[in-house]
Amino acid sequence: MSKKIAIIGGGNLGTAIAEGLIQSGFVLPKHIIITKRNVSTLHQLERKGVLVSDDNNEAVRFADVIILAVKPFQVDDIIFKLKDSLQPGKHILVSVITGVTTEHILKIAGKKIAIVRAMPNTAIAIQESMTCVSYKDAGKEDLEYVQELFSQLGRVTVIEEKLMDAATVLGACGTAYAMRYIRANIQGGIEIGFDAATANLIAAQTVKGAAELLLKKGTHPEQEIDKVTTPKGCTIAGLNEMEHQGFSSSLIKGIMASYEKIAKD
Ligand SMILES: NC(=O)c1ccc[n+]([C@@H]2O[C@H](COP(=O)([O-])OP(=O)(O)OC[C@H]3O[C@@H](n4cnc5c(N)ncnc54)[C@H](OP(=O)(O)O)[C@@H]3O)[C@@H](O)[C@H]2O)c1
């Protein structure tokens, strides 16, 4: 029998998760309840058969799995008010909240609830997220269920919780880095003759194809680069010029800057 899911926080991420789970057929719409204070923005999901509420306790009592998708500063108050409804042995808590540890949530709950932390990215809206998950006090079955849930919404990997900040940088900020890379390609593409729309299409599909080569063939980027670089050719000339200008180095420094910022805040 499929588990019932409560999504606490029907914002960007919460609604994207609900949409993706319904579209994949992983759960029936009537087995999802989604909450927020102002429910008027949830009509579209309601029309699909999802239950909508502004009462988090009602949602938790209904569900087996509780996905917390509120802003970090809202979580303490929400968990505190849910204390009495949370049942160890029944509920699995799944937190997608950035920067809040499982230990912190369990301390406020004051109960030993199975908890999984997940870090998806914005491509979850089209079921193409990279989601990193870590777990605490969750059994094998619970973890497998959560992995199955997020695999409906893209790819999933299990990591240690201490790597969650790193996952935020590489997986979630990574979407923005990739967008900048694509934007730079569009700018270059226009300079060598394409209109903006055509440059956008060529740049985005080329990046998608390059990523798919790695994911589907399991190759290393350098193996794929070797296939494109003819001796004395235009690809290697361009690549080497990019490296002389600090291409790889600037990306690595950017990743480190994001990571240091997360660690400091
Ligand atoms: N967006 C992403 O791709 C992404 C990726 C990874 C992690 N995250 C994390 O996911 C969390 C949500 O992000 P988001 O972008 O979806 O934020 P968001 O759009 O602001 O959604 C948060 C939602 O929580 C609702 N809310 C506030 N107080 C509530 C309460 N007491 N009970 C129930 N719902 C309440 C808000 O609606 P009302 O004001 O109507 O209550 C709002 O719709 C954040 O912690 C973020 O760091 C996001």
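Residues are classed here as nonpolar (Ala, Val, Leu, Ile, Met, Phe, Trp, Tyr, Cys and Pro), charged (Asp, Glu, Lys and Arg) or polar (the others, Gly among them). By this scheme, the shell around the ligand comprises nine nonpolar, 11 polar and three charged residues. The model is predicted, and local features require pLDDT of at least 70 and side-chain atom pairs pLDDT 80 or more, whereas totals for chains, interfaces and linings use all residues. Residue numbers run from 1 along each chain as its sequence is written, and side-chain values use heavy atoms, with hydrogens and water left out.

Among the 23 residues around the ligand (a heavy atom within 4 Å), Leu-13, Lys-36, Arg-37, Val-70 and Thr-98 come nearest. Polar contacts (pairs of N or O atoms within 3.5 Å) involve ligand oxygen atoms: one lies 2.7 Å from a backbone N or O atom of Val-70, one lies 2.9 Å from a polar backbone atom of Asn-12, and one lies 2.9 Å from a side-chain N or O atom of Lys-36. The protein buries 81% of the 890 Å² that the ligand exposes when taken alone (Shrake-Rupley method, 1.4 Å probe).

The count of disulfides (cysteine sulfur pairs within 2.5 Å) is zero. For Cys-173, the closest cysteine sulfur, that of Cys-132, is 12 Å away and therefore too far for a bond.

Terms used: A polar contact is a pair of N or O atoms within 3.5 Å; within protein, one must be able to donate a hydrogen and the other to accept it, and residues adjacent in sequence count only if both atoms are side-chain atoms.
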